[in-house]
Structures are given as C-alpha cells and as structure tokens.
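Dear colleague,

I am passing a structure on to you, and below it you will find some notes on what turned up in it. Please read them with the structure open beside you.

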Amino acid sequence: MEYSKQQAFEKLRPPCVNLSSVALKFRGQQASIKNLLLALEAAHAVIIDLGRHDALDEKLAEYAFFPLSTVFNESQKLSSHCLELAVQCLQVLVSRGWRRKLQPEMGKQLLILLSLLAGGSPTRSKDNAPSEELVSTCFECMSTLFDILGQVAQHVFDEIGAKTIVDQSVYLLLEALTGSPSESVQLSAANALQSLLSKISNRILLASLLPRTVSALTKALTPSTQIRRTHKVLVALFELLSHILTDVLADEVALNETASSGSGSEVSMHRPEIAEASLVLDDKWLKATASQVKLALANVVKLHNHDRQEVRHALFKLCLAMCERCLKTLSDSLQLNIETMVMLAGRDGTDSLAQGKQLLKHLILSNSELMDLLRSSLDAWIIALPRVMQGNDDRAKRQVLQQISIALQIVLESGDASDLLNDYLASSLVQSVSIAVDGSQAVSLLRVSEAPSPTQMVQFQEQYHTRSFEPVILDGKGSLNTLVELHALISQMRNSSASESLTRSMMARVGQSSGTQQLSSLWLCLMFLNRDNPSFSISDFLDIPSESYDTTPYLISDLYSITLPLLLGSTTTFSIYDWRIPALALESTILQAKQLGRSYRPELIDTLYPILFLLGSPEPRLQSHAMTALNLLALACEYTNTSTMLVENVDYLINSIALKLNTFDISPQGPQVLLILLRLCGARLIPYLDDLIGSIFAALENFHGYPRLVELLFDVLGVAVDEAAKNPALAITNGMEEPKHRKTAYQPSTMEDILQDIRAHKERKERRDAESLLQPGDDNASQSAPHRPWTSNLDGPETSKKDQETQEAEFDENEEQPFSQAAEEAKESPLTKPHTLLLSIARSTIPHLTSPSPPVRLTLLQLLTRITQILSRHENSFLPLVNDIWPAILPRLFSSASKSTANSGSEQGEPEQDPAYVTIAAADTIAAICVSAGGFMSGRIESIFPSLETLYRRIWSEVEQDRLRIAQHRGPVRRLALSSANDAASLSSPGANLKGTVDLRIVESPPPDPGRTNAPIGSNSNSTTSTTHQLHIQTLTTQTQTSKIHTSLLNLLTTILLHTSMPPISEIGDAILALLSPIMDEPGREHVREALEVWNADAVWVVREIRAMEREMREGRRTVGDWTLRGQGGAKKRRNGG
Amino acid sequence: MSSVGNLPPATPAFILRGHTAPVHALQFYKQNAFLVSGDSEGWIVVWRLASKRPAACWQGHRGSVLGIKVWENSVITHGRDHKLRAWQVTEASLEGDTLDARLPAEEEGRHGTEREQPWLLHSMDVSALNFCAFAICIASNAGSAEDAECQAIIAAPNALDSGGIDFFHLPSERRVSVLPADPQVKTGMVMALDLFHQPETRLLTVVSGYEDGRTMVHQRKPMASLEENWKWEMILVSRPHSQPVLSLDTLPSKDFYFTSSADAVIGKLAIPTSNFDSDKNIKPVKTNNTKHAGQQDLTVRNDGKIFATAGWDARIRIYSTKTLEELAVLKWHQDGCYSVAYADTLSLGLHEMPSEAGQDQALLASRDSTNSALEVIRQQRSLKAQMTHWLAAGGKDGKISLWDIY
C-alpha cells in the first residue's frame, strides 16, 4: 500500500518522538540502553518500512534524522548494535529521503560521522571496537552517500589535499580492506571504495591516491596465510585494481592529457608530460609508477592458479584490461600480463575462458608489439620445457605444455612462425620426451617381462584382433596427464603449417641421434604423422588450390625410409636394441602401408619377415606390437586377413628365412618363423621348401653341437611332415595307396568263397582280354606291380588277400635287392618334390639319432614315426629308406638294455643311456615301420628278436616287481586285487580263484615272499574281481616308466605279429606267444590276445590249456599222465592234428 | 677373393624359386623391370623384378632353352628342339596379368601344354645341336638399305656344317647368308656367338667361339647391291683356350671381347678395326688363368666395367674388364651355375636417385594433390627397383639368385 505524505508522517512521528525522548533521557541517564534500543528498533522498523515504500522525502528525513542525531551524539556510550540500527536508518534516510536534495555540507558531515563510527576514535579502547556489522553497515552507508554526493556535489570529490574527506575515506576503506578479517567488511569496503573512486574525476587526485591504493590492494591480493579472503572479495579487489589502474594510467587518458597540455605535443607520444598543480604527472612519474605497478602486478598474478574460476576470470580481465588500455603506459608489465593470460587461457578451455582465449588471440593478433612479446615468451618456455619436464612437478609440466600450446597456436595463426622457432621446438620436444622416457624407464624396468615360449607363438591365430598399437613410451600411469597434454600439443601442432618443418627437423634427429633421443624423435615424428582421424579443414569443402598442400605423404615415406633400416637391423642385433625402437619402426611401417594401400604389397619382400621375426621377441610388448602390426598390415594392404597375407607372401618369407639360414645365422627366430608359417600355410608351403630344407640340413651339420637348435630345426621338419601328412592329396600320394600289411584272422574257406574266387578270376581274365583287344599296344595293365592290391581295389574278395599277402611275403624275402624291377621304376613318374623332400628329411635323421641330447633323439624318433606312414605309400623309395634308418634306430631301443646285446655295428660315439621316453619312442617307431613296411621287416625282426626278447623279459620282470611291491605296500585287499586282476579274463572257468600266484610263477618271476602273499589270498579266497581295483592297477602301471616301456614293447610285439607276415608256424611267433601269454588275459589287453589269435588261435588255445593244466596239477586235480602236450611242440602237434 | 678383404661373404638379395629344372638362360627385359629365364625343360618365366614374382610363365620349347634375347616387345628364345621362337610379350600384357603365371614348380605332374602362351610372332627352324645359343643384332638404320627399323639379324650355328654359321633375317624369317666353316682349320662346332655392327665402320661383325678353344671374328664386306650375296672376311683368329669355348661377350664399345671356356682361362681379345694384319692369328690381349675350370656363361655389364661368369663350381665370379682381375666371388648355389645376366645400368638423367631430394620433389609436386604425391612415391619405388644393379644367376638347382653388388 502506498502511503501519503500525511500518513507517512503519522506513522513516523510516534517512534521518532519516543526515540527522541528516550535518547534525551538516556543522555540524562534516566533511561537504560535497553530502553533506547527498544525505541530505536521501533523507529528503525518504521523508517525501513517507509523507505521500502518510497514514502520518504527530505522533510521527513530531516524530521527522522533529528532523534537519530541525538543517538549518534551518544555513540560513545552505545552498543554497536544500537549504532548499527541507527546507521541503517541513516542509510535509508539518505537514499530514500534526501536523495538529490542532500546538502553537500550535510553529506560531508555524515561521512565524517560514519568514518568515526567505522574507524572508531583513537580514544576508544580496544575492547570497545566497533563490531563487524557496524563497520560494514557504515561502509554501505558511505557507499550510498558517495553515490548521492556524486550526483549533487561532484566538487566534494575533487578537492585535493591531504586532509580531505576523500582522502580520509580512502584511507579508512583501505585499512578495512587489508586489516579486517571479516568478509562482509571487506566486501562493503570494496564496494564503498569502488563507488568513491568512480566519483573522482580529477585524475591528479586519483593519481595521488594510486600508490596507496595499489599497494593496499596488492597486499590484499597477495596470497597470505594470515587472512584468507573469499573469492568474492578477490574478484571485487581485482575489479578495484583494474578500475583504478585504467582510470589513472589508461593510454587514452594519458594521451589526452598530453594533447591538452599542449606543451607535450612535440614530445613523443609515449612520454606524456603533464604539469599540474600539486602532482606532476610527467614521464618520470609515469616511469616510477609503471615500475611500481609492475611489481604490484607481479604479486597479483600469482593468483593465476587460484582454485576458483571466478578469481581467475577476474585476473584475466585485469590483465586483458591492462593490455588493452594501458598498452603504452604499462608496457613494462605487458609481458607479464600476456604470459598470465596465456596461462589462464590454457588452464581450462571449457569454461568462460574459452572465449577469453579468443579475446586474447584477437588482442594479440591485432598488435604486432604484443605478438613479439608473446613470441619471446614462447621462446623462453620452449627453452625451459626440457628442464620443467625433468622435474617432478606434473602440474608445472602441464602448465608449460599448455602455455606452449596456446602461444604456439596464436603465433602460428599469425602466419609467420620462423624456422628457427620450429627447430627450437623440435629439439626441445625431443629432449623433453627423452627425459620423460628416461624417467619412466625406471618404472618399466621393474616390470617382470615373461618371455613366451615358441609354442605359444605357434598358437598364433586369428584371435588377435588388435587394431591399434599400445603406447610404446610414456605408458606409465604417472605420466598420463603429461602425455595427454603432449598429445594435445602435438595434435595442435600437426594441424598447423609448421608441422612439416617440425617433422623434418625431428626426422633429421632420428637419423643422427641414438638411444633415447632417437627413440623420442621417432616417437614424435610418428605422433605428428599419424592422423587416425584427420580433422577436416574448411579447404576440404572449398577445394581451393591452396599453396600449403599436404606434404604428409612425402614425410611418411621419408620417415619410412629412415626407419626401415632400423626394422631390418632389429633382426640381426636383437639384444642390443631398445625394444621400443623396432616397435616404433613397426608403427612407421604401418603408417606407410596405410598410405600406400595395395601398392605397398611389393614392400612386403623386405618388411614381412622382420615383423614375423619380432613376434619371436623375448619382450612381450614388442611381441604384441608385432602382432598388431601384422594385423594392421593385412588391413592396409587389403588382404582379407592376416593369414591370407602370410600365405600369399610366403615366397618372400621363405626367401628371407633361407637367406638367414644360409648365412648361418643361428638365432632361433628364423626357424620359429618357419614353424609359424608351416602351421599357417600347411602343405602348400612344402614345394617351396626344398633348398630351405637343404639349408636346415647344412645348419644341422654345422651346429649339431647345439641341441636346442637341432631340436628346433627338427621340430620344423616335424611340422613340415605333419602338414604334408594332413594334405596328402596335394603333396604326396598322387593315387598311391597305403599298403595294407595287417594280417587278418585265418578263416577257413567256405564253398562260397571258392566260388567267388573262381568267379573273380574269370571276370579278371575277361576284362584283361577285353583290354588287350582295345589297346593291343598298351601293356601297362599287365605290367603293373604284382603286389599292388588292385583286385581288392575293384571287386576282389577278401579271401584273395591272403594269397596276395603270402605272395608278398615271399617276394619280400629277397629284400637284398628290392629293386629287382628297375625297369618298372624307370617307367614310373619321378617322385614329386614334396615326396623327395620328406625322403631326404627322413634320411637326414640318421646321423642325429646319436645326438647327445635325449630330447633331440626323441624328436627324431617321433618324426620318423610320422614320416614312415606317409612315405610307405611309395614302396620303391620307402623300403631302401627303412634299410638305411634301421641300424640307427635299433640302438635307441636296446641302449637301455645293455650295449653288448645290441647290434654293435651301427653305433659309434654312443651317447649315454637313453631315458625311458626315448626307448618308448624307439619301440613306437619300430612298430610304425613294421606297420608300414610289413613283411619287408620279417628278416630284420628275426635278427633282432633275441635282443628284443631279452629286453622284454627284463622289463617285464621289473614291471612285475613293481606290481608286487605296490601290492605289498597296499596291504591285503590291494594284493588280492592284483591277483584277481591277473586272472580277470580267466574267471570263466569256475573255482579258479587262487590262480594268481601260480600264474606269476609260470613266467619265472622272482617268487614273492610266500608267507606274506599267500596268507591274505587264502583269507580272501572267495572274493572276486572288483572293477575299481582293476582300474587302480591300470593307473598304477601307466604311471611308472618301466610299465610305459612295457606297454610300448607290447605294442611292438603285437605289431610284429600282425604286420610282418609272421607265418603261423615260426620260432619268433612262438617266442612272442610265450612272452605275452602271461598278460594276454589281463583286462585292457584284449588287443594282445586278439593279435595272438589272429596270428595263431590254436597256439593261444594250447598255451592257455597248458597253463590251466599246470595250475590244476598243482592243485592236484590232474595227474602226471596228461603231460603229453607239453610246450610249443605240443601246441604244434595239436594244431597240426586239427 | 683377396680384394674383397675382410668383408663378410655377400648374400643374394633374393632367390627366385619356381623352375624345376636347371636354368640355362637369363635376360633382363624392359629396362630391368622384368627378368626372363629359361630352363632345361623349355619353360620360360618372366619375373617381375619389383615384386620378385612371375608375371608370365609358359613352356616355350620341347627341350632345353639355350638362349634368350629380347627385341622390342618380343622375347626370342632358342631351344634344343631346334626352334627359334619370338614371343610377343608386351608390358601391358605382363602388367595386366593376362598371361598365365603359374610356375612349373606349382604344376606338379602336369605339363602345361594346354596353358595359354604369349602370341608367337615367329618360329624358325634353327640348329641347336651344338648347345650354341643364337646371337641377335638389332639392325640399325645405318648404312645399307635393308637395315631398316625393326629388323634383326640372327646368327645361329649351321645345321649341317657344325662349324658354320647361318644368318637369318627377321621379320622375314629368311636365311640371308651362311658363313661356312674354314675347311683348312678344324675348329669343331661353333660354341658361342656374338653379332653386332662395328660402331665405326657399321659393318656387321660376328664373333664366334669354337669347340677347339679357338675364337674368330668375321666381318661382312661392304656390298654393292641388295641382291648380292653377303661376303665375309675373317679379321681375327685366336686360340686362347685349350678346351671348348663356352661363352663370349663383347664390350659395349665393341672393341674388346671376353671368352670363357671349359678350361680355367678367361681371355680378353681386341677386335681389329682397320688395316688388318695379314697374319690374322692374333694373341689375346690378356688372359687370366682363374684355376676354376668351366665357366659356363659370361656376361659383360652394359657399362663395360665388369663382367661376370657362372661357373660349374656353383660360383659366380666378377671380373674387371680392364685387368681381368677377380673382384668378387658369389656363392649361394649348391650345384653348378649355368647362366648369368646383368641388369642394364640405366642412366635416367631425368630422375635423380630418390633420396634426400624429398624437399625438392615436394616443391616440384606442390601443384598437385595428395594423390599425385602418392603417385610420385610409387614411381620412385619402381624406379628404385629398376635402378638397382642386379646380377642374376641361374643354376642347376633351378633357382635364380639375384645379387645387388657393385
């Protein structure tokens, strides 16, 4: 609601009257402070209310002021709170009541009053100091008064003199600003000062106030621990400082002055000569002031890394104002200002300072002087950069990088960055990075790097899909921020016109330097050239034939030509190099490949091998780098995938590997690369391998003393064999068939068989007749090898096979000249390359079978096992091979037995005893040869059989001992399990529970302690086999070495029986039966019995019968009269009879 | 070997694998962009040197390839099947991958009769009994009228008179002359030939090496008319070798030639230019008993500074043409080497070697866009391959070793 004047007066009067009377009483000490306070509060409320409703005028103000004046008169005795209320009332009266009608004299007096109230009188005691609230209220009131006075009586502010009201107010306010701990006081003082200063139009007066003001403000703005100032205060202070400085020292003011003074018109513009009354604002003064201001600013700008953005912003505005308006007067401090602004602009690009950056840029670009300053700052920063990077202060590092980045941006925008600057920058960057690298080296050294085994490398597959490189350097966590800044700096620079000369300058350093420097410059070059997502520029859209065309392709190819030797060199000097150099060289290669695309493909001649080579690096990071490079390379060269790339360039790789091997470079990577290749490319590779295999053999010959290398080389050969085996259609067979030497069980011919045989015979004859009619000249059909199973191939019956086999066996009897049909061989097409290759691989193993390293021997034997299966398809070449390798394999089998028993002819320089696994492998190899060569082996088997038998017996006895020992250790139940396991198969005959011990004695094993074994067996005689126990025995036997040997010997013996055309009646066969009969009925050995039965079922039956008989005899069930069919002779007789 | 000093043994830059039979002839083609090789089973392979891969491959003869020469856009091969064939092998067809490039090594068992061959321009019956490869002289436009553009004279041993030489003319495929063997001297078979125009007199000159180690130079007498029969004058006879001459090659200046033989000697002979001695029996200018018998092939590099020989001892030897001193021994092949060829040392004045000149090229290309910058880089690369001083050697093992040496 609005008050009329009357109403206002009505409202105002009672409290004023009351206040007046109370105040008077108070003076007469008839009223207490409390009474006065109450009255004051009432009046305060009314005045405030009226003031709010704008119902006051000068009359009412006068009226209301009267009681207040009495109150103020008693100010010495009143509390701060009372005075505060009074001052508040006064403020309302001034601003709302008197307004423009305020008498200047009145105003002055009020100011004095307020100063006294706020400042306190010197007489006042310390504890009676005015409260903060009072002081700030006073200051607010003063501020109001300044405003009003400025409107009504400007002259008040222009009076010059040491004791003027202005001077005193300024003094008071500055005191409060610096001295008061309270934020409100500081703020209100700053406000008041601001409004006061803005009212002063006399520059000389201002200038006289300047020193004190600036020094006080500087003091206030200097960060100190005693008084903490809030950001609001700081912002206000900055504004004040900016205000007074620009008011006094702004160029236009100074220049106007010179113009108006007339006397200075002929003087240079920079030195305005001002001569006026009290203070002479001449150039001397200006100089002195400027240097003082510079000092002050130097202190102030320390706030540039204040936490609050507002503060920084205010500082930025101050500096900006200085640069804009005090360009000439404060030229000394320009550098400082610019640097501060650059720092501030760099600090955060996202907030309002982003636009500050633009302001700065425009400012500097528009003024060449500023530009020169900026450039010199930039130089200084660049030079300082390495030093800063050396330090530990991450913040400082970031700071300097940001500064450089922003300054550089502006300098580059100006379009005249000098080459010298670029060179500086390049060298500084390189140094900085190398310092950072050296720093992080300590960290990276701590990392435990695990060298991967070659087998891991072989597992290399498509699962690696990394499409980008891991950072090679500066990957430590600590340097992350620095790295980000460095990236930002680089990305900024590489889009600029200077990037080319920068890159060139750094590239030069790659070639000249070494070590960390080289690494750093290489890294920087890559950073500059690698644009994953090129930021599009406006020229892309406008298609302007710009002068600054893109030189990146040249730069990249130059860098590539520099780094290529590094990459190639890494394959020879592996350990010397810092792994990061080849890693970066890889990146450079990829960069080039990406650029050239498909047309990079010929370059793969040189680069593919080193990359694969680096896959075998002991440094895992380099390894993964190489892997990534491989993938990226495939991508860049437009191959569908990595292995396609490898396969299509296999010729290059082979070439490189072969050259390496040829120069007797025995680092294992060459063969390892080959291994990877073989796995990847398979049999396709084999035709290319021929001279490589030759080189491997040469290497084997030269370095046979290095078992690791030999093993690796044979691994390679083994893989070659494997791959050849996997893809026989391509490599070897060409229609050759695997020979089938396996014996089939004898089946008595039925009438049907005979008929079929006759029918087949007839058919065959008819067909041959027809063929000869058709092609009388071609007699190929009839000339084909007699043992070739073409009958079974077509429709020949099963029975004919047996005939064929016996025929074959007879044919193979005269093994001394397996090439009796030399003519036939000549007719046959020459062997394919892969085939001859495999043959020579097999032959080359012979001298190495006596290698001192057991693993090598093992590898060789396994290799032979695999190779025989493949090569057996071509008998004419295979059988001579068997003849060659046979003497070399035998010692491996028998060396563990004793040297005297083995064929001593073949062994010279016999290595130490073969470990069990070699013996096992030898047995397996011989078995494989028997499978492949069939009847060809029978003569050889015959010659070695005695040794074999001895060996088997020895092993078997060991196995038995083991079994018994185990049985004894396990107590009664286990022992029973043993015996029953032995008899598991013969349980068909009832009541044979106790056969176990008997069986053991038959094979002449050392008899177990009867007292210990018999008792438990007897006690548990009626328990039968339990499968769990059987399994137990099985696992136990497979665990020991001897039992493993035993197993493979068993396998060998059965193979001999099955595959070497063993006639049903033969010494060896009988011997084998004797050897095997103890275990042929064991569970899990069904194949043994099967084999025996295939060979001669009757003999098996006889042996079993005899055993049963002996057992029964021991038990007394049979009489001695039945001893007619004893031994093998009996078995024969019996069979002959049947 | 002594001159090599302590350098590590040289290694080939690349091995071209693919022939399954001994490589008997090698020839660079199209300014070193390609290498043509022929093996003893008649297979001819054109290798692209930039990628070291075959660009074309076909079985050109039913027998061993004795010699390969190139002429314009054609590759001329001479086989033991008594055929001389000129195949049209253009750069376009090689680059365009229109020709079958499967190598004999990849063709197991099958013999590529059905595969596509390059266009056969000429096929002539030429004797190949002597194992003597033909010689070709691209007819220059100098002198007589019949020597017009795109004509070639081919020299090959005579079919009946094994010491005589036949001369054929291409493209007419007609035998233009026969140089019969000297009945007084028993030279034996012709073993090696070279044919060229004497640079000064422009007279057709044929250099021949014989079974008995003799070598001769004949020059065609100037003719009055076209119809006249060619008349030959012997201007040199020498016998530097005790064994059959295996190969000979002439300096580009055509004033000296070198012979290698089944014995260990290498001979250097001067070709007389004028006022021939009445005694034509001239001693070689220089001989070098290398102590390495059987240098099957001899090739002079086209700058005339060095020549290389392929030896039965599986080594390539490089000699100085001036002193006949052995400069290098290259060992890679396991079996004997049968052929050796030098890439032309090109003098491409326009193109500097692309090395530190990046800046200049950048300026040169500054008007062009990025694409052409890439183009320039690509050209530089292929140029670099062509500029390499390749030495190719083929051996009994069917492999061709490429050496970048001198």
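**Notes on chains A and B**

In chain A, buried residues make up 53% of the 1138 residues, where buried means under 20% relative accessible area with a 1.4 Å probe, counting protein chains only. This is a predicted model, in which local features need pLDDT of at least 70 and side-chain atom pairs count only at pLDDT 80 or more, while totals for chains, interfaces and linings use all residues. Residues are numbered from 1 along each chain as its sequence is written, chains are lettered from A and ligands numbered from 1 in the order in which they are written, and side-chain values use heavy atoms, with hydrogens and water left out.

Chain A has 51 helices and zero strands; helices (H or I, at least four residues) and strands (E, at least two) are DSSP runs, numbered from the N terminus. Two of these helices, α3 (residues 58-73) and α4 (residues 80-98) of chain A, pack at an angle of about 160° with their axes 10 Å apart, the axes being lines fitted to C-alpha atoms over the stretch in contact, with angles running from 0 to 180 degrees between N-to-C directions. Therefore α3(A) and α4(A) are roughly antiparallel, a label for angles over 145 degrees.

Chain B contains an open sheet of four strands, in the order β14-β15-β16-β17, with antiparallel pairing; two strands pair if DSSP finds at least two bridges between them. Six bridges join β16 (residues 215-220) of chain B to β17(B), and B:Gln219 has B:Glu233 as its bridge partner in β17(B).

Best wishes

How values were computed. Buried < 20%, exposed > 50% of the residue type's maximum accessible area, 1.4 Å probe, protein only. Parallel < 35°, antiparallel > 145°, perpendicular 65-115°, else oblique.
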